[in-house]
Amino acid sequence: MNLRLQTSSNGFRRLLTRFPAAILGVFITTWAAFGQPTSGSLVLSGRIIETPSGAAVPFASVAVKGKPIGTQADENGLFRLTVSQRADSLLVSAMGYQLTTVAVHAASADKPIEIVLKPVATQLNEVVIRAGENPAFRILRAVSAHRSENDFRKLDGYEYEAYSQLSISITQLAERFRRHKPVQTILRALEKKQPGKPLTHVPIFFSETVSKLYARRQPERQKEHILKTAISSAGLTDDSFITMFTGAGFNTLNFYQNTVSLFKKEFISPLAENSRTAYSYFLADTAQVGLHTCYVIDFDPKNERDLVFSGKMWIDTVSYALVQIDARVGAAANVNFIKQIDIEQTYEMAGESASAWLPEVTHLNIQVDEVVKNTFGATVDYRTTVRQPLVGRPRPVGFFDTEVQLAEDRSEASADYWQAQRESATESGTNQQTRALLDTVRNLPVIKFMSRTGQFVLNGGYLPLTKGVEAGSVFSMWAYNPVEGHRLRLGLQTNNQFSRNWQLSAYGAYGTRDQVWKMGGEINYIPTRHPLTLITLKSTYDLEQLGFRTEDLVDNPFLRITSRFGPYPQAFYQNETALSVQRDLGTDFIQTAGIRYRRIDPLFPFAFRQPVPDTQQTVLSSDFWSREAFLELRYAPGRIPSRRVTKRRMQRRPTETAPIVSLRYTYGTASFEGGTFGDFHKWQFQLDHTLRWGLFGRTQYTVQAGYTPSTLPYPLLQVHVGNQTPFYNRTAYNLMNYGEFVSDRYASVALEHKFEGLLTNRLPLVRRLGWRSFVTGKLLWGSLSESNRNLIATHDASGKALLPVYSLQRDPYVEVGYGLENIFKLVRVEAMHRLTYRQHPNATPFAVKVSFQVGL
């Protein structure tokens, strides 16, 4: 399918057809006739006339059926077309005439072809303009009314083959940056590769992919089978990067939705239900796009700093379907590091269906601005072409066992194979240049050094020690706290060169003050990948603190490193060994089962009463332990969280369209020296969800609940996570002290609403800074049973008072916050208020927390 654009207009069709179409006709004719015809080429020529008058039809479109080849007749109806591929017939169209099909055969090249078109009474749908109403609004209402018919996501099922290209290049090199010796080495090497040509970019990544994409509606499922992939890279070798940026992932852009997701930002679609609040519209013209007569509507943002587009869209006058859209995000938009985003997307009806419109060509060009001043920018160019669409035949649910499937022979394809793919999709000249220069770039010693440096940072500070083994992390080799003194740590881990199915890691640490060796090790093994099965065995002996354990910080590497600094109140040594098996149950469910042994040796004054009836004897505990078995089921439709396994991030492209729900049950026994607490049970529930409000931002909320109907020492109950550091922790109660509250039954709600510039973009002195405002709130309800309350000792055996342990009463714990983020594109500052339980000793009623985040 080839889309050719011809302009026309009611009342002035002849004038407006000739002028712009003549200019475009020169371009199309030049493109189609570029170079001399090969020996196998067929040259077709002729004249297009109308019946019954026999007059010439000027500027008619002539295309080869099923091929991206076409031309346009001149003002006298004459055309000339060179066909280098096999052609069965020509499609001839013109405004006001019926579409005509003409058979092609070898004899057609011997003499001019006379093609006769029949007039047709072409009349656009009536446009009723109300007094004072923008005429584009009537068309937008019709688009909304036909949304369920035209939106390809509403189809019962569809599938197609896609050819995709992705290139990333360094561009906009600053003059000061060019003077650096390593940069000059790169530039000189590239200039030798293409002498006499101006150097506009330094390529660093290029990929080509042929894949099959399948989708069904009920239940909603999607799968991409990557058949062939060729990747050429100057250092970008992380598997997560390759998984996210190969294939046809961007082809799922859908402007029928209220928001269009790009790089985890939600841009308001010009076809959104409430789009008039964000856009101004202008009905510019009518135009012919291929075989479709379309309304042409320009759209511009009312506030260019919002997450909105500017551009033009073509709407079919019969079906009110989106036929083509050109959308742009400018530098004024509140998106970090992005200078410009250009999107070109065309749609076409698939097969014989009259209502199935699928994206035919999707092209994104992203201009990245300087991250560091006086260095360089970058260009990301993505293009995918859809072929062989099939609609209305949804695959069975069991077919969608994985979202991204990689063919075993995906990297085995000849140069001729890829050349044929490029020719069928009309490769851009920029990508041709990128492929030609990339081999030169990646073999330069300076690029190899820079690549290793970048991999060191992305790898968390681990350094290659020998083949398949790394040492580190450099970032956690030293820390200081009053319990350990100077903490020295060194670890080892394996990578993919060691094994794709095994990952081994171990570390050792020593404190100069407590003079205690800490150590840990972990083994990950993947016996199967379809479905993904992960077996993990880990054992650690290390220092922890009550209410702020390392396992609570697994998703925050900054806090995980800084947590080893600070006062370390309520510290304890923990000896833990755990074995777990994790397995994907289809596309939406993850099941984890395991066993765990924990031994806790408190360093702070700690005691509990013996759980023996009719006795008040207090036993000073040196340690206690538990043995547990647990089962967890996680429901994550469309989004399975990242899991680093043998240096691979097993993750899906995030759609975030549905809540993520987790349910965990734990059964165990707890004991202490000389006695036991018996069996215990725990139930835990968590729900995470994000709501998008378009122009008004997005709300992320988490609901948690837990219940432990057993009698246990309070460190084995729910010790709510506090945070006494100056750094913000999303998973903690940031104005709660460590170990301040304990519950055996609880429920909580945490909300964060980001305005995404809704407020700050409208303040004259603030909007240029790119700051974004947000509000937060956390509520916690909880209680402690009488038996667990009686187990807590208030004094040790010598009569010395112990630290109080609080439980929540009738009132919930409440804290609220507000602040600004994206300060210097990095810093988040939040002012927080604690609204309840302010009378507790050392309670913090107000604080300002800081955190750091890098994102768009």
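## A first look at strand 3

Helices (H or I, at least four residues) and strands (E, at least two) are DSSP runs, numbered from the N terminus. In a regular strand, side chains alternate between the two faces of the sheet.

This is a predicted model, so local features need pLDDT of at least 70 and side-chain atom pairs count only at pLDDT 80 or more, while totals for chains, interfaces and linings use all residues. Residues are numbered from 1 along each chain as its sequence is written, and side-chain values use heavy atoms, with hydrogens and water left out.

Strand 3 has partners, too. Strands pair if DSSP finds at least two bridges between them. Strand 3 runs antiparallel to strand 4 (residues 70-72), with three bridges joining them, and Ser-61 stands opposite Gln-72 there. Strand 3 also pairs with strand 6 (residues 89-93) in the antiparallel sense, over four bridges; in strand 6, Leu-90 is the bridge partner of Val-64.

## The whole protein

Stepping back, the protein has eleven helices and 45 strands. It counts 856 residues, and 49% of them are buried. Its accessible surface is about 40800 Å², with 57% of that belonging to carbon and sulfur atoms; the areas come from the Shrake-Rupley method with a 1.4 Å probe, and for residues only the protein chains shown count as cover.

What about contacts, meaning heavy atoms within 4.5 Å? Among those between residues at least 6 apart in sequence, 63% join residues at least 24 apart.

## Strand 20 and its neighbours

Strand 20 (residues 377-391) is largely enclosed by the rest of the structure, because eleven of its 15 residues are buried. One spot to look at is Thr-171, which stands opposite Gly-377 of strand 20. Strand 19 (residues 357-368) pairs with strand 20 as well, antiparallel and over eight bridges, and Asn-365 has Asp-381 of strand 20 as its bridge partner.

Strand 20 also holds Gln-388, a residue other than glycine with a positive phi, near 50 degrees. Gln-388 counts as exposed, at 56% relative accessibility.

## Backbone details in the loops

Tyr-568 is another residue that is not a glycine but has a positive phi, about 60 degrees. You'll find Tyr-568 in the loop between helix 10 (557-562) and strand 29 (571-585), and it is buried, with a relative accessible area of 6%.

The bond from Thr-51 to Pro-52 is cis, with omega near 10 degrees, and Pro-52 sits in the loop between strand 2 (42-50) and strand 3. The bond from Gln-218 to Pro-219 is cis with omega near -10 degrees, and Pro-219 is in the loop between strand 10 (202-216) and strand 11 (221-233).

## Salt bridges

Side chains of opposite charge can pair when their charged atoms come close. A salt bridge puts a side-chain nitrogen of Lys or Arg within 4 Å of a carboxyl oxygen of Asp or Glu, and the whole structure has 27 of them. In one of them, Asp-306 meets Arg-762 at 2.6 Å, N to O. Asp-306 is in the loop between strand 15 (292-301) and strand 16 (310-316) and Arg-762 in the loop between strand 41 (745-754) and strand 42 (772-783), so the pair ties together parts that are 456 residues apart in sequence. Asp-306 counts as buried at 4% relative accessibility, while Arg-762 is partly exposed at 36%.

Glu-133 forms a salt bridge with Arg-141, where the closest N and O atoms are 2.6 Å apart. Glu-133 is buried, with a relative accessible area of 16%, and Arg-141 is partly exposed, at 32%.

## A nonpolar patch

On the surface, Leu-463, Val-474, Phe-475, Met-477, Trp-478, Tyr-480, Leu-488, Leu-490 and Phe-565 form a nonpolar patch, together having about 800 Å² of accessible area. Strand 24 (478-481) and strand 25 (485-494) are the elements that give two or more residues to the patch. Patches are made of residues with over 30% relative accessible area and no salt bridge: like charges are joined within 9 Å, nonpolar side chains (Val, Leu, Ile, Met, Phe, Trp, Tyr) within 5 Å.

Definitions and conventions:
Buried means under 20% relative accessible area, exposed over 50%, partly exposed in between (1.4 Å probe, protein chains only). Contact means heavy atoms within 4.5 Å.
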